[in-house]
Amino acid sequence: MAPRDMDSLLPQLLSFPPHPPVPLADVAYDREIRSLRKVLNDTPASLLTAGVPNGGDLLDILDPSINTLPFLYVLLAHSNAGKQKAPTIGSPLWQKALDFLRTFDSVQVRYVGMEFRRLVMFVRDVALAGNKPIAAVRPLGTAILRLDPSGSCFTSTHVVFVHLCLEAHAFRAATSILDKDIYEFPSLTRTLPSGDLPCSRHDTSSGFITDKSELSDTITYREPLHYFLYGAMIYLALKEWRRAILFLEFVLTAPSKTHSSHIQVEAYKKWVLANLLAYGEVPSSLPKTTNSQVAKQARTLGKAYEALGAVFQYGISKEHDVRRLNAEVHIGHQKWSSDHNLSLVLQVLDAYRQSTVAKLESTYVALPLSEVGQRTSPNPNDHTETAQYIAAMISNGQINATIEQTGNNPGSWVLRFGSSPTQTEQHQHEEVKKQVAKTAKVAEYVRETDRKLSLNKEYISWLKQKADMSAAANAGEDPAMTLEQGAFEDEDLLSGP
């Protein structure tokens, strides 16, 4: 029976979890929290937002880290009640929402997925309405990892978070989520072991982030494409080229029936530029798993970028100066700008210059700075700019060289190259340790996927039929007849007596 007043409501809201704390078995925990959720669903919003004895309201009494469900319901009731006067950044309701996202109980929230997502969107909308998307970045990043510390199960909140980071130019903050590899998508409940409860201990987060949990909105093919394209754009802004290329290849190799999407075409253009920035060349083909029609259409619509890449690579191989590439960049200026890739193209231009300087290191022991300018600078006669540019490359460790200053005229100075530095054993050891740890993590997820598959009813049925066919073949019977009989037996078992 739904509570009618605050006196009858408050004891029910505080009844779970038990106080003082008492360990509950999974079945009992599940039963009690579902009972509390029913009470909350049956309680009118007007009662949830009503005052309490001695002043204040329920948000002043409830603790989001303990009373996660009632606190969330009351918070949402207040947010709906205040629509005529929308909450703002810094308002009491906004602060309560941030408190919740920072401290909620990660097990209790598994039972109120839809309400959790509503609060996520509330925080996003208030931040955007106040023209301060940055205000929602840290709270949502914290909430994603509080729900799933591994960050490995893709949800609709991932997309919301990364898009906010782009809007706010909060690129470094975005890596708290982007650096965590995605291994899983929300599970279909029918594929999970029947005894598992949301509150149970799960080996991976897809055990409780399921289609029925509503902790994620429905995932279509578009959401992962958006997430990985946004993520790639953030890594490009951070000049983490290789990670950006990986994300772009996730977009390009996404399943597609016939033709490429606009997102995949945009990913291809950035993929060409990212490869030039990372490796100084564009691979001759897309990843093997790319749909052939996607590859064909992306390359057709990305011809200008392929032409830029061809000029870049040809110029490096023939040791041409930067003028031809400069002309190609100038011709396509409007194209790069309308595609929102002008900044990347200008970085490609700078990468060309760096590559030509680095190539001198493999050919010469020393070279007058004036000659270096003639070979690499867009303004060969500006020896001061050339000297500053080379000094910056030396300082950043891009070349192993020194500048010998003979007089006050930079044109008379000499760039003297040294032997290329090699990685220390310690650095190599650290890299190996990172790769071993990453491989072990992937292996863990593979094992868990195998375990889930082995518990799947369809898989078990298939194994049984396969065993029956093998036994029939050994007995000289027709395996096809055995398979057909097995199918009828399964149907009888399901239909009951």
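1. Before the helix packing is described, one convention is needed: a crossing is called left-handed if the near helix is turned anticlockwise from the far one by less than a right angle, and right-handed if clockwise. The model under review is predicted, so local features need pLDDT of at least 70 and side-chain atom pairs count only at pLDDT 80 or more, whereas totals for chains, interfaces and linings use all residues. Residues are numbered from 1 along each chain as its sequence is written, and side-chain values use heavy atoms, with hydrogens and water left out.

2. As for the overall make-up, the protein has 23 helices and three strands, where helices (H or I, at least four residues) and strands (E, at least two) are DSSP runs numbered from the N terminus. Buried residues account for 42% of the 497 residues, with buried meaning under 20% relative accessible area, exposed over 50% and partly exposed in between (1.4 Å probe, protein chains only). Among contacts (heavy atoms within 4.5 Å) between residues at least 6 apart in sequence, 68% join residues at least 24 apart.

3. Helix H9 (residues 156-168) packs with helix H10 (residues 171-178) at an angle of about 165°, their axes lying 8 Å apart. Axes here are lines fitted to C-alpha atoms, for helices over the stretch in contact, and angles run from 0 to 180 degrees between N-to-C directions. H9 and H10 are therefore roughly antiparallel, given that angles under 35 degrees count as roughly parallel, over 145 as roughly antiparallel, 65 to 115 as roughly perpendicular and the rest as oblique. The crossing of H9 and H10 is left-handed, and residues including Phe161 and Leu166 in H9 meet residues including Phe171 and Ile177 in H10.

4. His158 belongs to helix H9 and counts as buried, at 1% relative accessibility. Leaving aside residues up to four places away in sequence, His158 touches Ile144, Gly151, Cys153, Ile177, Ile182 and Tyr227.

5. The structure holds 15 aromatic pairs; rings of Phe, Tyr and Trp (its six-membered ring) pair if their centres lie within 6.5 Å, and planes under 30 degrees apart count as stacked, over 60 as edge-to-face and the rest as tilted. Phe71 and Phe100, with ring centres 6.2 Å apart and planes at 10°, are therefore stacked. Because Phe71 lies in helix H5 (residues 68-81) and Phe100 in helix H6 (residues 92-103), this pair ties together parts that are 29 residues apart in sequence, and both Phe71 and Phe100 are buried.

6. Phe312 and Tyr352 have ring centres 5.3 Å apart and planes at 80°, so this pair is edge-to-face. Phe312 lies in helix H15 (residues 303-318) and Tyr352 in helix H18 (residues 342-361), so the pair ties together parts that are 40 residues apart in sequence. Phe312 is buried at 1% relative accessibility, and Tyr352 is buried with a relative accessible area of 2%.

7. A cis peptide bond joins Phe16 and Pro17, with omega about -5°, and Pro17 is placed in the loop between helix H1 (6-13) and helix H2 (26-42). Another cis peptide bond joins His19 and Pro20, with omega about 0°, and Pro20 is found in the loop between H1 and H2.
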